[in-house]
Amino acid sequence: MKISYGITVHNESIELERLLNKLITNIDEEDEIVICVDGNDEGVKNIIDDFSIDGMNLVDYKRKLDGDFAAHKNSVIEKSTGDYVFHLSLIHISEPTRPY
């Protein structure tokens with residue numbers, strides 16, 4: 001069974017890097033990560049390039065949000081080839097907490 005992990009990104013390079021670092025240790029080899037990029041953040045491009053080199057099954061494409069978040073998310077489904085698609089949100093990725 002192949003799983004597609006969908007991520008929509010808008011200038012969130014730090015959050016994207018944190019999420020991808022977690023995903024690469026927890027997904028199966030046949031699974032894929034589909035990243036829909038809205039924006040021109042060089043940091044996001046660099047993160048995607050770095051993880052693509054690592055041999056991950058990673059698909060990325062650019063799409064302008066145009067105020068229609070549902071269509072934006074649905075475009076991830078259209079680009080996915082997995083049996084199941086899970087949308088992951090970068091908004092919930094925060095700074096690691098430090099014990100005091």
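How many bridges join strand E1 (residues 3–9) to E2, and do they run parallel or antiparallel? Six bridges join E1 to E2, and the two strands run parallel.

## Basis of the model

The structure is a predicted model, in which local features need pLDDT of at least 70 and side-chain atom pairs count only at pLDDT 80 or more, while totals for chains, interfaces and linings use all residues. Residues are numbered from 1 along each chain as its sequence is written, and side-chain values use heavy atoms, with hydrogens and water left out.

## Fold and dimensions

The chain holds three helices and four strands, in the sequence order β-α-β-α-β-α-β. The radius of gyration is 13 Å, close to the 13 Å that the globule rule gives for 100 residues, so the chain is as compact as a globular protein of that length. Helices (H or I, at least four residues) and strands (E, at least two) are DSSP runs, numbered from the N terminus. The radius is taken over C-alpha atoms, and the globule rule is 2.2 Å times the number of residues to the power 0.38.

The C-alpha trace spans about 45 × 35 × 25 Å along its principal axes. Of the contacts (heavy atoms within 4.5 Å) with a separation of 6 or more, 76% are between residues 24 or more positions apart.

Buried residues make up 34% of the 100 residues. Buried means under 20% relative accessible area, exposed over 50%, and partly exposed in between (1.4 Å probe, protein chains only).

Strand E2 (residues 32–37) is mostly covered, with six of its six residues buried. Glu32, Val34 and Cys36 point one way from E2, and Ile33, Ile35 and Val37 point the other way. In a regular strand the side chains alternate between the two faces of the sheet.

## Loop residues with positive phi

Asn11 lies in the loop between E1 and helix H1 (13–24). Its phi is near 55°, a positive value in a residue other than glycine. Asn11 counts as partly exposed because its relative accessibility is 42%.

Asp66 is in the loop between strand E3 (58–62) and helix H3 (69–79). Its phi is near 50°, again positive in a residue other than glycine. Asp66 has a relative accessible area of 62%, so it is exposed.

Definitions and conventions: Two strands pair if DSSP finds at least two bridges between them.
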